[in-house]
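Good morning, colleagues. Before the discussion begins, please take a moment to look at the sequence and the structure on the screen.

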Amino acid sequence: MKTPPHTTLRTPLLKTLLPGAILWYGLLSLLACAPGTPRVETVGEVMDGVMTRLYDQLDADELDTIGQDFILQFVSPAERAALATAYWRFEVNVPSIVSIMRDTAQALEPFWLQERGFHKTEFRVRNALYTYEVWQRRYEAGEVQLGINGFDRHRPVYFVAIAPVDTAARLQVTPRYPTSQHIGVLERGAFTYHDWDGLVLSSVPDALNGAALLTTIRGRAREAHVVGAIRSTDFPSSAQPDQITLTFGADAQREMTIQWRGAPSLKDAWVKYWTKHGTDTAVIPADGTLLEDRLLANDRYVSRYAVRLQGLEPGTAYEYMVGHEDAVSTVSGFTTAGGEKRFAFTWFGDIHNDKQWGDVVQAAEARHPESTFYLQAGDLVNTGLHRDDWDKLFGYAGDVFGSKPFMAVPGNHDSQDGLGASMYRSLLGYPDNGPTGLAPGLTYAFRYENALFLMIDAVSFDTKAQREWIEQRLAASDATWTFAVFHFPPYTAEEPYPDIEREWVPLFDRYGVDVVVNGHFHYYLRTRPMKGGKAMPDGAEGTIYLMSVGTKGKNEDGLVEPHAAKVIKTGYLYQHVRIDGNTLSHTCLDRSGQVLDYFERRK
């Protein structure tokens, strides 16, 4: 067998944040200094060292009891100084009053506030959810250095306002760390968190109104999080390869990516593969990438591997195994798309690394072995930055995704607090054919047989930024069937998504997208065919919008869905789709296999 070309994929580290997900946020795991700026140890570097020493010196029970006072005694003077100065740095060109807006619900104030000369004022700033007390200090022209939000994970982190002492002076603020920052105006209606720009200020004292506003993201609460933060995984890595997962390349006839996990000390990993019943074996070396979750006490580091096989033969069954010098996996297999017009797949709504969902996917595979792949509409896990949640996801799925590709999009739980879907990207390698300028592998497209699948990240990226790419893909497609998959549903009674309705839905109408697959709200919804924002009669042209849930449902009564053809208020559901040329059939089933909804479309 001729050895096809291949690509060894180097996945990003956990600490690498999503480029372009927010306007101002740099790579906080790296030192963000302008050329010539003196070297300053970052908060991330300090906390890496602190955690290493904590693991060395304390047992599990002791780690659960540490608090702020203990940490402040535990760190060195140099580390304490970095925690008090290296979290946020900028320069002002004139003497200025720096105001820090701190949520009054935070149990402990940042340890450095009073030490660094800040005093609490009587001012209060408010939005619909939080009240912030205002701490102030005068700075002369030069660099302003501010410290961490705290050692807890209080999500509404502080934000900053700056005003010149001389109101006639023209203030200039030059960011130092993070190196790129959004500078707005402190006033009613201003947002303070890029990851929740719909939460705006409702009350600003006159004395502060008009000051320069440095906005932030709620994810910055995690930078020094250590109090109550230590976790462990029920599925630690070992020498034995596990979490073996297949994903399609952009060309499902000729590309397949194999990814898996191993202990951090493993060397000389590889993939061996061959055509089923063949004798000629190709061996592809795999370079591991070290993935860290520093708060995971029993499995802080793992090695992740990903190899993209290219040049495969269409419609061909392959077998493969992965391994290294000390252990190998069992033999598994996959079949490439072959240009047929008949296939089936299974899809899920929200999963949230639920153990009972594992039973659902195992049952779905047993009932529908003809499914060629699995789709998922976001919220794969509860907390996307916690690797133990991902360990549960793969552990509960068993070996299903080692033989049937798993194609997903991020949900708001996978891409949290403005930090982007870094862990998601580290564990799942998807086609790099999304919108130019956006992080790859989050929005992408693949063609399977006579169907086009647009997999769209509705969480990390602006909807308008993806409109052109969606239209280009739809306009160029000759597929019989078109599916769009993204997390937030545009047609529910729960919550409006006007940006999706404005930017994407008209394209679905114009180009005749057949089915939109969503999650987010924990129940099943099938709309009537939708066009122009209106429900069409059953059987008419239009796009059917589907929403479902693979974990526990809401089970709420009384909700009226104006466009609904079917609503099911239960959970642990899966959907099985069959394509047979010009006929599509869709079935919603519960975990026992009972059919709860069914429809067909014909062309």
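I shall begin with a definition: a salt bridge is a side-chain nitrogen of Lys or Arg within 4 Å of a carboxyl oxygen of Asp or Glu. The model before you is predicted, so local features need pLDDT of at least 70 and side-chain atom pairs count only at pLDDT 80 or more, while totals for chains, interfaces and linings use all residues. Residues are numbered from 1 along each chain as its sequence is written, and side-chain values use heavy atoms, with hydrogens and water left out.

Let us take the salt bridges in turn. The structure holds 31 of them. One joins the side chains of Arg387 and Asp391, at 3.6 Å from N to O. Helices and strands here are DSSP runs, numbered from the N terminus (H or I with at least four residues for helices, E with at least two for strands). Arg387 and Asp391 are 4 residues apart in helix 7, residues 387-397, and are therefore separated by about one helical turn. Both Arg387 and Asp391 are buried, a term that means under 20% relative accessible area, with exposed being over 50% and partly exposed in between (1.4 Å probe, protein chains only). The pair also belongs to a network of salt bridges that links Asp242, Arg261, Asp299, Arg387 and Asp391.

Which residue does Asp48 meet in a salt bridge? The partner is Arg294, at 3.2 Å from N to O. Asp48 lies in helix 1 and Arg294 in the loop between strand 16 (289-292) and strand 17 (301-309), so this pair ties together parts that are 246 residues apart in sequence. Asp48 counts as buried at 16% relative accessibility, and Arg294 is buried at 15%.

Another salt bridge is formed by Glu370 and Arg578, whose closest N and O atoms are 2.6 Å apart. Glu370 lies in the loop between helix 6 (355-367) and strand 21 (371-376), and Arg578 in strand 32 (residues 573-580), so the pair ties together parts that are 208 residues apart in sequence. Here the accessibilities are 29% for Glu370, which counts as partly exposed, and 42% for Arg578, which also counts as partly exposed.

I turn now to helix 9. The expected span of a helix is 1.5 Å times one less than its number of residues. For the 14 residues of helix 9 (residues 463-476) this gives 20 Å, and the end C-alpha atoms are 20 Å apart, which agrees. At the start of helix 9, a side-chain oxygen of Asp462 reaches to within 3.0 Å of the backbone nitrogen of Lys464. Thr463, Gln466, Trp469, Ile470 and Leu474 are buried in this helix. Among the elements that cover them are strand 23 (444-448), strand 25 (481-485) and helix 10 (498-503).

Next, strand pairing, for which DSSP must find at least two bridges between two strands. Strand 3 (residues 96-103) and strand 5 (residues 131-139) pair in the antiparallel sense over 8 bridges, with Arg137 of strand 5 as the bridge partner of Val98. Strand 4 (residues 119-127) also pairs with strand 5 in the antiparallel sense, over 5 bridges. There, His119 stands opposite Gln136, and a hairpin of 3 residues joins strand 4 to strand 5.

Finally, is Gln181 buried or exposed? At 12% relative accessibility, Gln181 counts as buried. This residue lies in the loop between strand 8 (173-177) and strand 9 (183-185).

Conventions
Contact means heavy atoms within 4.5 Å. A polar contact is a pair of N or O atoms within 3.5 Å; within protein, one must be able to donate a hydrogen and the other to accept it, and residues adjacent in sequence count only if both atoms are side-chain atoms.
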